[in-house]
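Here are my notes on this model, written as numbered points. Have the structure open while you go through them.

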Amino acid sequence: MKKIITFGTFDVFHVGHINILERAAALGDYLIVGVSSDKLNFDKKNRYPIYNEADRMKIIQSLKFVDQVFIEESLELKLEYIKKYNADILVMGDDWTGRFDWVKSDCDVIYLPRTPSISTTEIIEVVKSL
């Protein structure tokens, strides 16, 4: 069985999230998704997500092509998560290209193109301006 692992905040869930998770799932037999904790998101973006981590986990777990979900506490623990879940492939959006090549000794790394013209940050800015 080929296990795929990916990570994200998945705040203000949209079709771009579905697209990348579907494409990740198609690369193997079992998809594991690390959902960034509220604290990790604050540390990365200096703001908390719109939806809390429990709600974001529930949204991701509800997708038929997602097999397992866990909370990602730190970007620096990627390799530990890969080993813990015995992942064969790490999938990330191409906005992270090259950033996780350092785990290639333990698993393959694939950077998938993001869905054009959609981003959580842009959606939040549009909603704020209404």
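1. Which strands does helix α3 (residues 53-61) lie across? Helix α3 lies across β2 and β3, and runs at about 155° to β3. Angles go from 0 to 180 degrees between N-to-C directions, with axes being lines fitted to C-alpha atoms, for helices over the stretch in contact. Contact means heavy atoms within 4.5 Å.

2. Before going on, keep in mind that this is a predicted model: local features need pLDDT of at least 70 and side-chain atom pairs count only at pLDDT 80 or more, while totals for chains, interfaces and linings use all residues. Residues are numbered from 1 along each chain as its sequence is written, and side-chain values use heavy atoms, leaving out hydrogens and water.

3. Now the parts list. The protein chain has 5 helices and 5 strands, and from the N terminus they come in the order β-α-β-α-α-β-α-β-β-α. Both kinds of element are DSSP runs numbered from the N terminus: helices are H or I with at least four residues, strands are E with at least two.

4. The 5 strands make an open sheet, ordered β3-β2-β1-β4-β5, with parallel pairing. Because β3 (68-72) and β5 (108-112) sit at the edges with a single partner strand each, one side of each has no neighbour in the sheet. From one strand to the next, the twist averages 25°. Two strands pair if DSSP finds at least two bridges between them.

5. Let's zoom in on β2. Strand β1 (residues 3-8) is joined to β2 (residues 30-36) by 6 bridges, and Lys 3 stands opposite Tyr 30 in β2. β2 also pairs with β3, in the parallel sense, over 5 bridges; there, Val 33 has Val 69 of β3 as its bridge partner.

6. Is β3 enclosed or open? It is largely enclosed by the rest of the structure, because 4 of its 5 residues are buried. Buried means under 20% relative accessible area, exposed over 50%, and partly exposed in between (1.4 Å probe, protein chains only). Across the 130 residues of the protein chain, 46% count as buried.

7. Last, have a look at Pro 113, in the loop between β5 and α5 (120-129). Pro 113 counts as partly exposed because its relative accessibility is 42%. Leaving aside residues up to four places away in sequence, Pro 113 touches Arg 23 and Asp 94.
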